[in-house]
Amino acid sequence: VNTTNKDRILIIDDEIQIRRFLRIALDSQDYIVIEASTGKEGIYKAAMEHPDLIVLDLGLPDIHGKEVLKQIREWSQIPIIVLTIQDAEDDKIFTLDNGANDYVTKPFATGELLARIRAALRNRPTEPEHHEYRNGYLFVDTLNRIVKSQGKAIMLTATEYDLLVLLIKNAGRVLTHRFIMKEIWGPYRIDETQNLRVFMAQLRKKIEHTPKLIMTEPGVGYRMVLRESQTNTGDDVQ
Amino acid sequence: MNDELNRPSPDQILENIKHDEERRHKGRLKIFLGMCAGVGKTYTMLQSAQGLQLRGIKVLVGYIETHKRAETEALLKGLRVLPRLQITYKEREFNDFNLDAVLLEKPDVVIVDELAHSNIPGMRHEKRYQDILELIDNGISVLTTLNVQHLESQKDTVRQITQIEISETVPDSILDRADEIELVDLSPQDLLVRLAEGKVYLPERAKTAAANFFTISNLIALREIALRAATQHVDIQLTGDMRSKGVEGPWKTGERLMVAVGRSPYSEQLIRWTRRIASTMKAPWIAVYVQQPGRLTEVGNVLLQKNINLAQELGAELVTTTDDNVAHALIRIAKQKNVTQIVIGKSMTSPLVDLVHGGSLVNKIIKQSGGIDVYVVQSDMSSKSPQKKVQVNDTFKSSFLPQYGIAAGVITLIALSCFFTGSVIDYRAIGMILLFTVSTLALFLRRGPVLLGAVLGAILWNYLFIPERFTFSITSLSDFLMLIMYFFVAIVGGSFTARIRRHELTIQQREQDTTFLNNFLQKLIRAEDQSALVRLASEEIKKQFNSLTAIFLSDPTGKVLQKVHSESTLQKINEKEIGVAQWVFLNKKLAGRQTKTLALSELAYFPLLGAQGIVGVAGLLFENNKSLARERETLLLMILQQFALCIERENYRAIAEQLKISSQSENMYKTLLNSVSHQLRTPLVTIKGAATELLNYRTGADPNKRTILAGDIGESADRLDRLVRNILDMSRIESGMLKPRLDWCDIGELIDICIEELHTQIAQHEIVVNITDELPIINADEVLLRQAFLNLIHNALIYTPSQSKILIQAIHTELGIVITIADNGRGIPSQDIPHIFDKFYRSGDRSQSGIGLGLSIARGFIEVNGGTISAENIPGGGAQFTVTLPVKTVDKENG
């Protein structure tokens, strides 16, 4: 956790109770909290206060959260986590496809939100590219194209490998079906998600143990969950 | 007199109240009546309007003809004048009264000058008085002017006095509709002075006629007519007053008149005459149309309709009957209706034709009339419109011309073949042959052609066969007698046969109609819904009348007319036509082609009147724009009436259904409220209690207690969340708006997610998942299926004791993917199995929280994905839910 240079988090939500417990939760994690109660105020503060991350509620009284997201994305790439409701799959997909980094379904436990915030801050675009990824029992070396699960080397097909790299590079984030399809198969076969299902099932069979690493977000996409890394797994190779 | 008898009966009182009610909703009509142009009606009307405006009443000048007279125009000051409507008709510009603008503006009082004006074709109504009646029906009061010579019943009198034919007339009944009539009177001398001063406006072309018209004697006569009309109106108002006060009814004379209506132009005069007599006698009168066998020609039909309309407009009660024998029918109706006096025209037929018919109509009626008085009225020959006469004859002839040809041809052929067979046959036998031919022809042809055949036969027989041959001279007395006898037998026999034949046709037609109506009714009754009714009616109309039909039905509120019903035989209807249908719907009157309202429409529109009100409108498009024969119209109206009644019945059924559903859902709501209020409160009580306890300093300070309380709050919140989600899911299913978002999904993956999500609750149970690797991916809504499986697994968890085992299996079969969720608990009580998926149904054991939605949601979501679900008990103990989901084969395995 970054303590020397505290991350500043902007909460855009019209409910005072929600802002209040979020402030308490975030304060306790040493984040600096900025609050906005309307969409317009949120956009204004996003520009003026330069937060490191935005928590955006979609149901705002003045303008829809989607609109706030779009307007902020016109000039900023700061991570945005969207608060949405159950059954709003369209909203989830829309916001993810329009630049939201993640979403959390209300009602949520603060622990869940904090985990997403950490993941989003970790994946900031400012972070330099590196070629070794570790997540739980999984190790991926993109330079040498090596994949290990619980220390054992795994043979993957080209597509399975691309899929895994995509997931691990974005670990902690939800990737929509469309996004994955576009990244792996290109923009022309975006709706043929049956391939994705098949490859995903094969990939999971090859690499997964308990606890699971790849979570299905029904109706939305996939997320690679961030797990405590077993640092020794990768080191064996080198 | 006994007071008891004089008091108005409840029915009478009711009628008076109804009368008053109608009046209250309707606008008032005031007519400024004058004897002729120039007496100052418009001027008086405007004065009266100024007076109304002063009293704060909103007056609008809808249409006015000031003829640029300064003093009249001065009176327009301060009144709002409505711009006139611009109409193009036959490439000429006209301007006229803008009815719709007034209806839109809804003033208290509107001024519409010249009541008798005829509208330009293409406007809604044929005549301005119809515009005015519509205004009154819409609650707008009207001031208008009328010259007495424009009254329908005065037309003949005025013509006799002034020798001027009046073309623009209004029915006398308009005076009865008027609430007030103000007679604008001027002595003839004064009028002539005004005329001389040039104060009377006359159109250019009328200037020459004016010299003949404005004579002292004419004016005196017209003035008398005007005065009489005004007095009569006062009389009617008085009787109205008398009725409400229980004074004996207006028909104290007990007289009742009857007039026969036909298609002859003279019929019109008879009708007017009868109305005049009836109104002076204050007697009710009946117009009877005796429908005779055979069809009328197009023109005959139009004339007949015109006369019937006239009679109705003049206030007659119309009776239609079908009979071959007119005299008999008239006497029958007269006796049924207690008629005291019959009015008939002097016969115009020749004595010979009368003889064939067994005497003239007049004679027959007089003979059979018994106690009924009979007026025989001389037709006024001068009034006949020669143009019309020619028209009638033309059509008449042309339509029967082939028949005349056949008659002449057959007779000539028979005569010639006899002639060429030579002297084999005796000339007397030839007479018999010809006679036989005429009688045979009568079986197929109308009377006219048969008579022609008879005459032609007589001539040919005489010329070709009777000695001296090839001359018309007859030498022997017996031959002469034979010819005479031949002639009479042929004519009488032929015409009788023809009559019997026609009679048969009528009966046949009537039988056909009756059978048709019966069948039609049977079919209507069997029709299962509105669409079936519409389809049936429009198809039957097409069969019977060769006419396409556009049927518009009202919406369930009965206030708005919907678009053309999709089952109608006519679908393409333009905006203008829809407007006509709307008008018919709002005014509940006929309109369109063949009527006086919006006559330029392509279709004839009939209101569909049920027992309680209008249920829709039927628009009929007749082939080649033909008009509908009167007797066919009766059939059409009956069809439409039955159809309307059935539609109404169907509407009521739908309403009853709706009520049933809403009462069902009301019950459901009660259950829901009872259940939900309990289920919502429990977690709320926990949250509230735990939160207040956390605020308590001592409890809050104890980390163990704090953890327990916070955990309780979290759990209660989850429970509330589940409840809300269930209710929302259920309402999504109920709304019928639930559409699955199809995408590819993996059942194994789905089950894994569910178990992951329920892991905190699974802790007390053992879950075994047994899913084959080879399951195909299916095309379904992942989110809905996930919720369905969550609910099923959750159900298994809460209805089994802890440590129970739950086995989830999925296999691929021919039916699709079959997923079973089985437990080894107590199983489902057998009486609950059939209801287990019903919403709000909860198994007898209520110890578990929940409102009985979980399983019905699971079913709803699985069914929306094309799957099925069932529940059963396993023989060894425990319950098993089986879900079957269809599999669509995926073309490619790899990408």
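**Where chain A meets chain B**

Analyst: Four salt bridges are counted between chain A and chain B in this predicted model.

User: What makes the pair A:Arg197 and B:Glu749 a salt bridge?
Analyst: The closest N and O atoms of A:Arg197 and B:Glu749 are 3.8 Å apart. The cut-off is a side-chain nitrogen of Lys or Arg within 4 Å of a carboxyl oxygen of Asp or Glu, so the pair qualifies.

User: Which elements of chain A supply at least two residues each to the side that touches chain B?
Analyst: They are helix 4 (89–97), helix 7 (177–185), helix 8 (193–207) and strand 11 (214–217). Helix 8 gives the largest share, eight residues. By class, that side of chain A has nine nonpolar, seven polar and nine charged residues.

User: How much area do chain A and chain B bury between them?
Analyst: About 2100 Å², with 48% of it on carbon and sulfur atoms. In chain A, the residues that lose the most area to chain B are A:Gln194, A:Arg197 and A:Pro218, together 26% of what that side buries.

User: Which residues of helix 3 in chain A are called buried?
Analyst: In helix 3 (residues 65–73), they are A:Gly65, A:Val68, A:Leu69, A:Ile72 and A:Arg73; the label requires under 20% relative accessible area.

User: Why are the buried residues of helix 3 of chain A said to line one face?
Analyst: Seen down the helix axis, they fall within an arc of 125°, so they line one face of helix 3.

Terms used. Residues numbered from 1 in each chain as written. Chains lettered and ligands numbered in written order. Predicted model: local features only at pLDDT ≥ 70, side-chain atom pairs only at ≥ 80, totals over all residues. Heavy atoms only, no water. Buried area = accessible area lost by both parts, 1.4 Å probe. Helix = DSSP H or I, 4+ residues; strand = E, 2+ residues; numbered from the N terminus. Nonpolar A, V, L, I, M, F, W, Y, C, P; charged D, E, K, R; others polar. Buried < 20%, exposed > 50% of the residue type's maximum accessible area, 1.4 Å probe, protein only. Arc of directions from axis to C-beta.
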